[in-house]
Amino acid sequence: MTGAIYAEGLVKSFGDVRALDGVDLDVPEGTVLGLLGPNGAGKTTAVRVLTTLIRPDRGRAVVAGIDVLKKPNEVRHAIGLSGQFAAVDEYLTGRENLRMVGQLYQLGARDAKARAVELLERFHLTDAADRPARTYSGGMRRRLDLAAALVVSPPVMFMDEPTTGLDPRNRQQLWEVVQELVAGGTTLLLTTQYLEEADHLAHDICVIDHGRVIARGTSDQLKARTGGERVELVVHEPGHLEPALGVVRAFGEGEPTVDRHTRRVTVPVSGGARLLAEIIRELDARDIEIDDIGLRRPTLDDVFISLTGHAAEETAEAPAPRQEAAR
Ligand SMILES: Nc1ncnc2c1ncn2[C@@H]1O[C@H](COP(=O)(O)OP(=O)(O)OP(=O)(O)O)[C@@H](O)[C@H]1O
Ligand SMILES: [Mg+2]
């Protein structure tokens, strides 16, 4: 018995780039899979293959019990997709966009209208409902795209970075919508750069890089695998970053990471509070002033860094690395 989303050996190349290099997935019905990976890892490509938008070069996929390659049209009727590249029609109003989707899915005109009203309300778009989508802000557009994906409640949903560009309130709101959907039996594959989101919503997490699955498990399993605790400190002055790195490197169990922007240094340790005290003494002896220091368990961000060598929220649009492995 395979899950509601099942893939085996998916391969997809674009010229020289192997966007997918043998990806296997199995998402049990009624659960959420968080697909994580750095920019260019192959997440959107996987979503596009599973939602029939592109054909893989090799491999097999079954979604909602339907073979994706053999019966793409049937698959399209069984799924909802909210994409990284929104499918919103710029020239229609928010309300018209939602009604159009309803009619595409063969809701009667009356039902499509009622559903549009309900979703506009839910995503705080009622005031803007009758303006063309091209006048919407980025976050409003994002919400309209999500609302469009929810016009019919399909058994299987795909959301590619659903909350990128949403403010905290709207992100929280979307999380609630997702939780309701899943409680109602929907199976969801979600990609995200926000590891907190995966932690919060996903039953299982699959980390991909260079088109391959490099780790999978629950958030707790992945954190346990990364192991150990972390000492995290913030130096008072940027000029103290280098000497602080020297200190933590001597006490740590692995390479520290540094976020120059926030002057934060993190290093895996074993030795708990006693080691923390030693680090503090050493920093003090060298007159390195610190604003904050503490011991914490690994987060999903640490898992991600240890697996892929860099942080999740680096984006192609913002090339200046805020967080990088210290050399
Ligand atoms: N249509 C295409 N033509 C050429 N190359 C492509 C195409 N689509 C994707 N690629 C390449 O395939 C690789 C995987 O891209 P993909 O969009 O799946 O990554 P992603 O994990 O979704 O990244 P991001 O986090 O930036 O959204 C990248 O190297 C990308 O440049
Ligand atoms: Mg993508």
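**Loops, helices and a ligand**

Modeller: Helices here are DSSP runs of H or I with at least four residues, strands are runs of E with at least two, and both are numbered from the N terminus. This is a predicted model, where local features need pLDDT of at least 70 and side-chain atom pairs count only at pLDDT 80 or more, while totals for chains, interfaces and linings use all residues. Residues are numbered from 1 along each chain as its sequence is written, and chains are lettered from A and ligands numbered from 1 in the order in which they are written.

Biologist: Okay, is D287 buried or exposed?

Modeller: D287 is exposed, because it has 8 other C-beta atoms within 10 Å. The cut-offs are 20 or more other C-beta atoms within 10 Å for buried, 12 or fewer for exposed, and partly exposed in between, with C-beta atoms placed from the backbone.

Biologist: What's phi for D287?

Modeller: Phi of D287 is near 60°, which is a positive value in a residue other than glycine. Most residues other than glycine have a negative phi.

Biologist: And what about phi of H124?

Modeller: H124 also has a positive phi, near 55°. H124 sits in the loop between α4 (109-122) and α5. It counts as partly exposed because it has 14 C-beta neighbours inside 10 Å.

Biologist: Zooming out, how many helices and strands does the protein have?

Modeller: There are 11 helices and 15 strands. The C-alpha trace spans about 75 × 45 × 40 Å along its principal axes.

Biologist: What share of the residues counts as buried?

Modeller: 41% of the 327 residues. As for contacts in the protein with a separation of 6 or more, 67% come from residues 24 or more positions apart. Two residues are in contact if their C-beta atoms, placed from the backbone, lie within 7 Å.

Biologist: Show me a buried one. Which strand is L233 in?

Modeller: L233 is in strand β11 (residues 229-235). It is buried because 23 other C-beta atoms lie within 10 Å. Leaving out residues up to four places away in sequence, L233 touches A244, V265, I290, D292 and I293.

Biologist: And where is P268?

Modeller: P268 lies in strand β13 (residues 264-269). With 21 C-beta neighbours inside 10 Å, P268 counts as buried. P268 and E253 are 15 residues apart in sequence, and their C-alpha atoms are 5.4 Å apart in space. E253 is also one of the residues that P268 touches, not counting those up to four places away in sequence.

Biologist: Switching to helices: at what angle do α3 and α5 pack?

Modeller: Helix α3 (residues 94-104) and helix α5 (residues 138-149) pack at about 25°, with their axes 9 Å apart. Axes are lines fitted to C-alpha atoms, for helices over the stretch in contact, and angles run from 0 to 180 degrees between N-to-C directions. So α3 and α5 are roughly parallel to each other. That label covers angles under 35 degrees, while over 145 is roughly antiparallel, 65 to 115 is roughly perpendicular and the rest is oblique.

Biologist: Which residues make the contact between them?

Modeller: G94, N97, L98 and V101 of α3, plus L144, A147 and A148 of α5. By class, that contact has 5 nonpolar, 2 polar and no charged residues. Ala, Val, Leu, Ile, Met, Phe, Trp, Tyr, Cys and Pro count as nonpolar, Asp, Glu, Lys and Arg as charged, and the others, Gly among them, as polar.

Biologist: What about α8 and α11?

Modeller: Helix α8 (residues 219-226) and helix α11 (residues 300-308) pack at about 60°, with axes 9 Å apart. That makes α8 oblique to α11. In α8, S219, L222, K223 and T226 meet L300, D302, V303 and S306 in α11. The contact of α8 with α11 has 3 nonpolar, 3 polar and 2 charged residues.

Biologist: Last one: which residues come nearest to ligand 1?

Modeller: Of the 13 residues around ligand 1, F14, A19, K43, T44 and T45 come nearest. A residue is near a molecule or strand if its C-beta atom, placed from the backbone, lies within 6 Å of it. The largest share of the shell, 3 residues, comes from α1. By class, the shell has 5 nonpolar, 7 polar and 1 charged residues.
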